[in-house]
Each structure stands twice: as structure tokens, then as C-alpha cells.
Amino acid sequence: MPGRSRSLSRASRPFPDGFAYGAAAGLAVDLLVGDPRRGHPVAVFGRAAAAVERRLHHDHRGWGALHTAVCAGSTVALGALAARAVRNRPAAAVALTAASVWAVVGGTTLGREARAIGGALAAGDLEVARERLPHLCGRDPQSLDGPAMARAVVESVAENTSDAVVGALFWGAVAGVPGLVGFRAVNTLDAMVGHRSPRHRRFGWASARLDDVAGWPGARLTAVLATVAGGNPRGAARAWRADAAKHPSPNAGPVEASFAGALGVRLGGTLSYGGRVEHRPVLNGEGRPVEVADIDRAVRLSRRVTGLTLAACTGGRLLGYALKRRNA
């Protein structure tokens, strides 16, 4: 009975992989507890990647590409093996996805750190704000006054919304657990070796370029959702269209420009990283200078973008699964 066999075959197929429910659960855990204070999986990966770098480091792009392939490839492989082990167990698949989402996203900790700096700035305690700023971004805090630190925080909230939340969820929707952990591995490698220091100018080239590629769709999705959720869609779209390409980063540009337009503030300008001064183009030049109160507004916008990302990614994942079943 061919018809009955086909019906039984469809009924016995496993649930997709629990991404929709697991992603929601993982974000809920992140909202409740944030990042673990000790033994964070990303920190464990960072130590392992640093150990591999000590073995492989040469001032050469090829060796850097090998380092990237070993670190990111092994992470994706481990994620694939874990997903394969639970593919026929729906509850375990949901739990694995939830744990992976909680491990790779950092939206709650991002908001807490930003608001802690904002609180110090509001109290006029610039030294406390300078002490906390390195937890959020790599700028030289001693060279910044209060308004410059507030601008740095808003820019970091915007960029990290894409890097620490939206990009990971996007690749999770596309490729499940391997996509989640693989994206965070690539993003972490870029933070470790992708900058233009003398040691990493050539060695980190592959990590930086791979991060540009992996971050491209998440950055555009972030910009779209910030435009929708920011309360000033026209201003956000205008700033994105006019100024994003001016930014030296192909992915930070759309995100920061759309946040600037959505919040009605002016971002960009002079900043300092590791003793190196950069003069970046101004984003949303029609906006006003960033104020301390804009930090909380940026965090709230980041949370709205996170919620919309969850809806978009889980909806897309479930739609794709339904289409596959229909065509099977």
C-alpha cells in the first residue's frame, strides 16, 4: 500500500531540530541569568584558539588561514556531531539548541554593561565609567570624556547587537547548532586576531575576512529591524542609505548608521584603539550629539531587535521545514 507507507514515513520523521523552541528557551535563559561568570564556553574557546595560535603563528596569511580553519572548523564539526547525536530525540534537540543559544548570544550582558557605564556617567563618576568601558569595547578609555564614552557605548551596543545576537540567530536558523557555534567562533577569532596589530596584520587576515562574510547577512538584518523598531523608520533608512558605506567596516556601517538614524543621534568621529587614533566619518550628521540617556534607549532598541530577530528566524526556519515536508 504505497499511500499508507508514504503516510507512515512522513509521520515517523523526526521533529526538525528544535530550533524554534530551543532558540526561544535559550534567549529566555540569557534574559534571566546572562552570561556565566566562570567557565563561559566562548572563553574556553578563546583559550583553545590562543593555544593553537601559539603553535601556528607565523607572520603569513597562509598560517593564519590554517589557524582559522582549525579553530572554526573544529567548532562546527563538534556542533554537527552533537546535533547528529540528538536528531531523533526532540527534547534533547531542543535542550541542545537552547544551551547553544545561551552560550553564544550575549544580549543581556551587553545591556547590563552598557547601563552600568551609563549609570556611572549619569552620576558624574568618569573613573568608574572608564574602568568598565573595556568590558564593552576595545577603545582607550583614558582618552575619552563623558560624551565620548556615551557615544562609544551606543556604537558598541549597535555593533554587538549584530555580532552577539542577530548574526548568531541567523546562522542558527540556516544551519542549526553548527551555524550557531560556528558563527560565534568566527566572530571570536576576529576579535582575537582580526585587528591590524603588528602581530596579526597578516596572520589575522583570514579571520577578519571570514568574519566579514559571516557577519554580512546578520548586519543587514539588524539594520532592517532597527529601522522598523526604532521609532523613526525614515531617519534610520536615510542614515543607512547615506552613511553606511562610509564606515571602514562593511558590517558595522549599516548597523551603526541605522541605530544612529533610529535614535536621532550622531555617531562616528575620532576614536582611539590601542594607542592608534582613527578619524571615522560621521553617521547621521543631521542628528544631535549622544547623551547619557541615549544609552538606555539604545539598549531598549537592541532588545526590540532581538525579539524581532527571534520571530523572523524561527518563522523562517519553520516555514522552510513545512515546505520540505510538503514537497517530500
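Here is a walk through a surface patch, some salt bridges and a helix.

A quick word on the ground rules: this is a predicted model, so local features need pLDDT of at least 70, side-chain atom pairs count only at pLDDT 80 or more, and totals for chains, interfaces and linings use all residues. Residues are numbered from 1 along each chain as its sequence is written, and side-chain values use heavy atoms, with hydrogens and water left out.

Let's start on the surface. V29, L32 and V33 form a nonpolar patch there, with about 280 Å² of accessible area together. To join a patch, a residue needs over 30% relative accessible area and no salt bridge; like charges are joined within 9 Å, and nonpolar side chains (Val, Leu, Ile, Met, Phe, Trp, Tyr) within 5 Å. The areas themselves come from the Shrake-Rupley method with a 1.4 Å probe, and for residues only the protein chains shown count as cover. V29 sits in helix α2 (residues 19–33); helices here are DSSP runs of H or I with at least four residues, numbered from the N terminus. With a relative accessible area of 35%, V29 is partly exposed. Buried means under 20%, exposed over 50%, and partly exposed in between (1.4 Å probe, protein chains only).

Now for the charges. Side chains of opposite charge can pair when their charged atoms come close. A salt bridge is a side-chain nitrogen of Lys or Arg within 4 Å of a carboxyl oxygen of Asp or Glu, and the structure holds 14 of these salt bridges. One of them joins R151 and E155, at 3.3 Å from N to O. Both residues lie in helix α8 (residues 146–193), 4 residues apart, about one turn of the helix, and both R151 and E155 are buried.

Next, find R288, E291, D294 and R297, which are linked in a network of salt bridges. E291 meets R288 at 4.0 Å, N to O, while the closest N and O atoms of D294 and R297 are 2.8 Å apart. D294 and R297 share helix α12 (residues 293–327). D294 counts as buried because its relative accessibility is 2%, whereas R297, at 26%, counts as partly exposed.

Finally, visit helix α11 (residues 252–263). At 1.5 Å a residue, its 12 residues should span 16 Å, and its end C-alpha atoms are 16 Å apart, which agrees; the expected span is 1.5 Å times one less than the number of residues. Since 12 of the 12 residues of α11 are buried, this helix is largely enclosed by the rest of the structure. Just after α11, G264 takes a positive phi of about 75°.

Technical notes. Helices (H or I, at least four residues) and strands (E, at least two) are DSSP runs, numbered from the N terminus.
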